[in-house]
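Please open the model in your viewer and keep the sequence panel beside it.

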Amino acid sequence: MTKVGIVGCGTISKFHYEGYERAGAKVVHVCDLNIDAAKSVATRYGARVSTDYRTLIDDPEVQIVSVTTYSKLHKEVALAAIAAGKGVVCEKTLTDSAGSSAELATAADKAGTFFTIGYMKRYFPAVQQAKTLLTDMGQIISIHARTWQAWDWWNCEIPKEYRNHPSGVINTNGGGILVAGGSHILDLLHFLAGRPTNVCGQMYIREGLDFDTRANAMMWLKDGGIANLEACWHPMSYAGYERNGWDERIEINTAKGRLDLATPMWNKPTSNGALLVHQDAATGRTTEYRYPALNPFDIEMAEVVRRFECGEPGSPSAWDGYVVDELISQITKSAQTQTVCPMIWRDR
Ligand SMILES: NC(=O)c1ccc[n+]([C@@H]2O[C@H](COP(=O)([O-])OP(=O)(O)OC[C@H]3O[C@@H](n4cnc5c(N)ncnc54)[C@H](O)[C@@H]3O)[C@@H](O)[C@H]2O)c1
């Protein structure tokens, strides 16, 4: 039975520890600076508790360390886990900079560490089906991707707690909507359409805030296709296919047809399944792929445990995490310099 330690017992950790336990692994040690947060998880599983992640990493029983604390701490904690010979499951984003992510991915490679990054949306059956269908859909013409999440920064006074830098948003995620929401879509774009060759970005940062509430990017794809991304915290509480403000969709147009993919709200994945619609260009035949409302974190954790126990590498990999961070970095640079930025990949 695989034994797991969790570093950071906040919002996202629940999806890890519940997923591990459902997958037959055992949570044996949990850590948080906030001892009460750690204790509330530990009592569920009879796990040991610590407030220093090094104590957890030194625990000989821990085989996999889930890094579920702030993105700015991922590198430090993950490097310590790699040095101690543990497997690592790191929440997204991999780190808070492309350089750090490349460093971390290199260290994981060198040590032969089992390492995976928490882009769990790849595990929606609808996403897997889209990937399969694309193999027979010819050249990509264009992609329109959006992640719109209901959080109204457009009609409100800026609350006091967000006026200082670094704000809570920057502290937790390392960035605004491009990092918090856009990262998932950039990962799906990379998974479905490969690595872009150039990017052009634009970001809106409201005066008084230190993070973007809307970010756009145009990304050149290898075979002449183009991908458009819009990430936004928006005021439309009823937008989206679930009519709950969650509006995350990808439309992929190819030489042979169109795919439309919609995902359910990230923290309520069991309310609705992701939806995939395929239209054949020549016949107009339209197929709707409906799936049960599955929790992609559960699929991800089951896959982590299976792969770890079989000695297979983690997927998505640390380098997949790096790709997203490099895209974020170049989109941000493009927005700041108002230039098109070529993608120069540090692992090639
Ligand atoms: N996959 C997803 O869809 C998804 C969704 C939300 C958040 N995330 C990612 O998860 C990570 C955590 O986000 P969150 O929303 O759970 O944040 P959170 O603030 O709810 O939880 C973070 C926890 O880490 C603890 N912590 C801080 N410093 C620590 C340290 N040195 N050692 C141990 N614990 C420490 C905090 O006390 C807190 O309990 C971020 O990287 C975020 O990007 C991913």
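Helices, as the word is used on this tour, are DSSP runs of H or I with at least four residues, numbered from the N terminus. The model is predicted, and the tour begins at the end of a helix, where α5 is followed by G112, a residue whose phi is positive, near 70 degrees.

Now select the whole of α5, residues 98–111. Its 14 residues reach 20 Å from the first C-alpha to the last, close to the 20 Å expected at 1.5 Å a residue. Colour A98, S100, S101, A102, L104, A105 and A108, which are buried in this helix, and then look at what covers them, which includes α4, β6 (115–117) and α10.

Take α4 next, residues 71–83, whose 13 residues should span 18 Å at 1.5 Å a residue; the end C-alpha atoms are 19 Å apart, which agrees. The buried residues here are S71, H74, V77, A78, A81 and I82. These cover an arc of only 135 degrees around the axis, which puts them on the same side of α4. Just after α4, stop at G85, which takes a positive phi of about 80 degrees.

With α4 and α5 both displayed, how do their axes cross? They come within 10 Å and cross at roughly 10 degrees, which makes α4 roughly parallel to α5. To see the contact, show H74, K75, A78, L79 and I82 of α4 together with S100, E103, L104, A107, A108 and A111 of α5; the residues of this contact divide into seven nonpolar, two polar and two charged.

Move on to I64, which lies in strand β4, residues 64–67. Is I64 buried or exposed? At 0% relative accessibility, I64 counts as buried. Leaving aside residues up to four places away in sequence, I64 touches T2, K3, V4, G5, Y20, G87, V89, V304 and F308. Of these, G87 is worth a distance label, as the C-alpha atoms of I64 and G87 are separated by 4.3 Å although the two residues are 23 apart along the chain.

The last stops concern the backbone, where most residues other than glycine have a negative phi, and most peptide bonds are trans. In the loop between β5 (87–90) and α5, find T93; the peptide bond from K92 to T93 is cis, with omega near -10 degrees. A cis peptide bond also joins S315 and P316, with omega about -5 degrees, and P316 lies in the loop between α9 (296–310) and α10.

Finish with R243, in the loop between β10 (226–234) and β11 (247–254), which has a positive phi of about 60 degrees although it is not a glycine and is exposed, with a relative accessible area of 56%. Q338, in the loop between α10 and β15 (341–342), has a positive phi of about 55 degrees without being a glycine, and Q338 is exposed with a relative accessible area of 73%.

Technical notes: Residues numbered from 1 in each chain as written. Predicted model: local features only at pLDDT ≥ 70, side-chain atom pairs only at ≥ 80, totals over all residues. Heavy atoms only, no water. Helix = DSSP H or I, 4+ residues; strand = E, 2+ residues; numbered from the N terminus. Expected span 1.5 Å × (residues − 1). Buried < 20%, exposed > 50% of the residue type's maximum accessible area, 1.4 Å probe, protein only. Arc of directions from axis to C-beta. Axes fitted to C-alpha atoms, helices over the stretch in contact; angles between N-to-C directions. Parallel < 35°, antiparallel > 145°, perpendicular 65-115°, else oblique. Contact = heavy atoms within 4.5 Å. Nonpolar A, V, L, I, M, F, W, Y, C, P; charged D, E, K, R; others polar.
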